[in-house]
Each structure stands twice: as structure tokens, then as C-alpha cells.
Amino acid sequence: MFETFAFYALPFTFTLLVACLLTCVVCGAFLFLFRLRVTNQALRHPYLDKQPWERYPLSIRAAILLDYFLRISFPKSNFWIIGQANRLLAHVRPEELSTRLKWPLIGFWGGCFVGIAALLVLWTLILLTMV
């Protein structure tokens with residue numbers, strides 16, 4: 001029974017992982033090359049009032065983009081890191097943002113998080129089929 005499940009689940013999770021990787025790369029490249037300045041001007045993160053985008057290290061830049069993603073994806077949550085992003089970006093109304101600003105952020109971070117889940121499932125299936 002498990003062999004049949006693994007026969008179909010292994011290729012599916014690998015395909016999902018590759019699709020998430022491609023989505024993350026394409027959306028991230030588009031965001032960083034074409035939409036970054038427009039996104040920062042539209043969403044106006046409070047950290048950018050202190051210093052310009054270029055002066056922050058990569059980890060802070062990623063955190064700013066993650067805050068944008070969390071505010072757009074979970075606008076009513078007050079839990080943990082999502083709530084912190086919603087408090088920092090309370091001035092942003094996600095329903096008023098255009099789709100051309102949303103899709104690169106959602107594709108980039110959504111691809112990362114779904115890809116992490118797919119990778120964990122893939123590793124679990126590989127380990128279970130080795131036993």
C-alpha cells in the first residue's frame with residue numbers, strides 16, 4: 001500500500017518543489033529588477049524612513065519584503081510575526097493595492113514557503129522508502 005502511495009507522491013512532490021523554485025526565481029528576479037522601487041514607494045515600510053534601501057544588508061531587505069508579503073496575505077492577523085508586520089504597515093490597505101504590486105511578492109515568498117513544505121515532504125518520503 002505504501003509503495004503505491006510513494007510511487008505517485010515522490011514525483012509529485014519533486015515536481016512541486018521544482019515549480020516552487022521556478023516561481024520563486026522568476027518572481028524574485030522580476031521584483032528585484034523591475035518592481036522594487038515602485039513597491040517600496042507604494043508600501044512605505046517604516047524602516048525606509050531611517051535609511052535608504054541600498055544601505056540595509058540583505059537580511060533586513062528580505063525582512064522588509066517579508067513584512068510586505070505578510071501584510072498583503074494576512075491583513076487581519078495579530079499573531080506573532082504576522083501581527084508585527086501588520087502593526088508596522090498599518091497604513092497599507094491591501095485591498096487597495098494593484099495586482100501588479102502584489103503578484104511578485106506573493107509569488108516570491110509563497111514559492112519559498114510552499115517549497116520548504118514540499119522539500120520536507122520529499123525528504124520524509126525518501127527516508128520512509130529507504131527503510
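Among contacts in the protein chain between residues at least 6 apart in sequence, what percentage join residues at least 24 apart? In this predicted model, the share is 63%.

**View 1. Overall fold of the protein chain.** The predicted model contains 5 helices and 0 strands. Read from the N terminus, the order of elements is α-α-α-α-α. The radius of gyration is 18 Å, well over the 14 Å that the globule rule gives for 131 residues, so the chain is more spread out than a compact globule. Along the principal axes, the C-alpha atoms occupy a box of roughly 55 × 30 × 30 Å.

View 2. Of the 131 residues, 37% count as buried. The chain exposes about 8,600 Å², and carbon and sulfur atoms supply 71% of this area.

**View 3. The ring pair of Phe 7 and Tyr 8.** The whole structure holds 8 aromatic pairs. In the pair of Phe 7 and Tyr 8, the ring centres are 5.2 Å apart and the planes meet at 80°; the pair is therefore edge-to-face, since an angle over 60 degrees is required for that class. Phe 7 counts as exposed because its relative accessibility is 58%, over the 50% cut-off. Tyr 8, with a relative accessibility of 58%, also counts as exposed.

**View 4. The aromatic cluster.** Phe 32, Phe 69, Phe 108, Trp 109 and Phe 113 are joined into a cluster by ring pairs.

Key
Residues are numbered from 1 along each chain as its sequence is written. This is a predicted model: local features need pLDDT of at least 70, side-chain atom pairs count only at pLDDT 80 or more; totals for chains, interfaces and linings use all residues. Side-chain values use heavy atoms; hydrogens and water are left out. Helices (H or I, at least four residues) and strands (E, at least two) are DSSP runs, numbered from the N terminus. The radius of gyration is taken over C-alpha atoms; the globule rule is 2.2 Å times the number of residues to the power 0.38. Buried means under 20% relative accessible area, exposed over 50%, partly exposed in between (1.4 Å probe, protein chains only). Contact means heavy atoms within 4.5 Å. Accessible areas come from the Shrake-Rupley method with a 1.4 Å probe; for residues, only the protein chains shown count as cover. Rings of Phe, Tyr and Trp (its six-membered ring) pair if their centres lie within 6.5 Å; planes under 30 degrees apart count as stacked, over 60 as edge-to-face and the rest as tilted.
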